[in-house]
Amino acid sequence: MTNRFYALLANTLTASVINNCVWFALTFWLYLETKSVVATSIMAGIYLGTVAVSGFFLGSLVDHNRKKTAMMLSSVGSLGFYLVDLLLYGWYPSSTFSNPSSPILWVFILFGLLGAIAGNIRSIAIATLVTILIDEDQRDKANGLVGTANGVSFLVASLFSGLVIGFLGMFWMLALAIALTALVIVHLSLLSIPEPEIVVTETKTNHLDIRGTLKSVQQIPGLLGLIFFNTFNNFLGGVFMSLMDAYGLSLVSVQVWGTLWGVLSLGFIVGGMVVARNGLGAKPLRTLFLANLAMWTVCIFFTIQASIILLAVGMFIYLCLIPVVEAAEQTIIQKLISPERQGRVFGFAQSVEQAASPITAFIIGPIAQLVFIPFMTTGAGVDLLGSWFGTGSARGLALLFTVTGVIGLLVTLIAMRSDSYGILAKKYQQAPELADQDRATGAVAS
């Protein structure tokens, strides 16, 4: 790995920290201003839904432009949206932003979220740059570094966004975001990225090109199955996203829970660093499934008793394994998909996989409230499980987590025994190195 790649990674990390800080800060600020849980839920739905829908377009944008150009567009877009938000915040009175029905408030929220979402162009571009800049035998480690950077971004944003809102306010959050984004743009402009020339072969370019993207994925037997397997895992993972705070706060105070999450976020960094140091082995698909087996096994047991220590240890292991799974999927796509279509395939995977979380968020709350909580408070679960599992609302949530873990483990075992798994694993071992061929020609078709 070269100094150029490290410089690009540092640039992307800085941009990611800025965008995540704005996203987290908007969430905290919106609740403090409106005191409306509904407003924050709507905001979360807008964010997740936009991320899911935008992947197709952002992937096409990366494929049809030089990667440096795409990254520059990402930062310039974020800068523009943050500037508009700063002007809105300074122009309208503070009472405008405390009314959850105010159209100006939601324009402000939308522009802030779009600024953060523009950063997703970078996550696609950096994955394709790993293919261009890094030799195949080092790509899994490079993907581990990307995962480490994502973990650092999440940790820094989760710790500092609340502090900035609490001590400085939204005006200074936006001012800092604008200043730092401008520095990111200047730094990126000074970096040189050796890229193959983009050659457009279609007589009429369809920038979304969903049909062509699906064709590229389907040409690799088992790859579509892998994407939908990860989608299902995200669907199950949405259970923890939606209900973990409620469960954790039943065990400890909000101050302890917030601090604990900051510490647990180190799991992203640890997992990414392990991959960066040791790689994924010769069979990254096998590593992906083994990581999922470990992940869902942990999920079965980390709420088996009402213990914050058990929960913390389990969540830390879970978070450590997420970068392993992500790096494995990226490594497989980087080898099997030709570079000129990788942006669209990464964008397709992002859209499909991210679509699962908001669906879970909408349906899992009623399931918990109407089925699992009554089952463990006044229902049959009290007599069947209560003597050793415990009773009450929190234990209803705990049972839901355990059931989710069991489902995830069974689905992983079934997927490992499927024909798609065997075919994709064999295809990966036999595939030629596509990126080296394109380096030799000095151009990629688009």
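**A walk through a predicted chain**

Let's start with the overall layout: this predicted model has a chain with 20 helices and 2 strands. Both kinds of element are DSSP runs numbered from the N terminus, with at least four residues (H or I) for a helix and at least two (E) for a strand. Residues are numbered from 1 along each chain as its sequence is written. Local features need pLDDT of at least 70 and side-chain atom pairs count only at pLDDT 80 or more, while totals for chains, interfaces and linings use all residues; side-chain values use heavy atoms, leaving out hydrogens and water.

How much of the chain is buried? Of its 446 residues, 52% are, where buried means under 20% relative accessible area, exposed over 50% and partly exposed in between (1.4 Å probe, protein chains only). Now look at contacts, meaning heavy atoms within 4.5 Å. Among those between residues at least 6 apart in sequence, 85% join residues at least 24 apart.

Leucine 183 lies 172 residues from asparagine 11 in sequence, yet their C-alpha atoms are 9.5 Å apart in space.

How far can you trust the picture? The predictor's confidence in each residue is its pLDDT, from 0 to 100. The chain's mean is 81, with 87% of residues at 70 or more. Residues 434-446 have pLDDT below 50. Where pLDDT is low, the predicted coordinates should not be read in detail.
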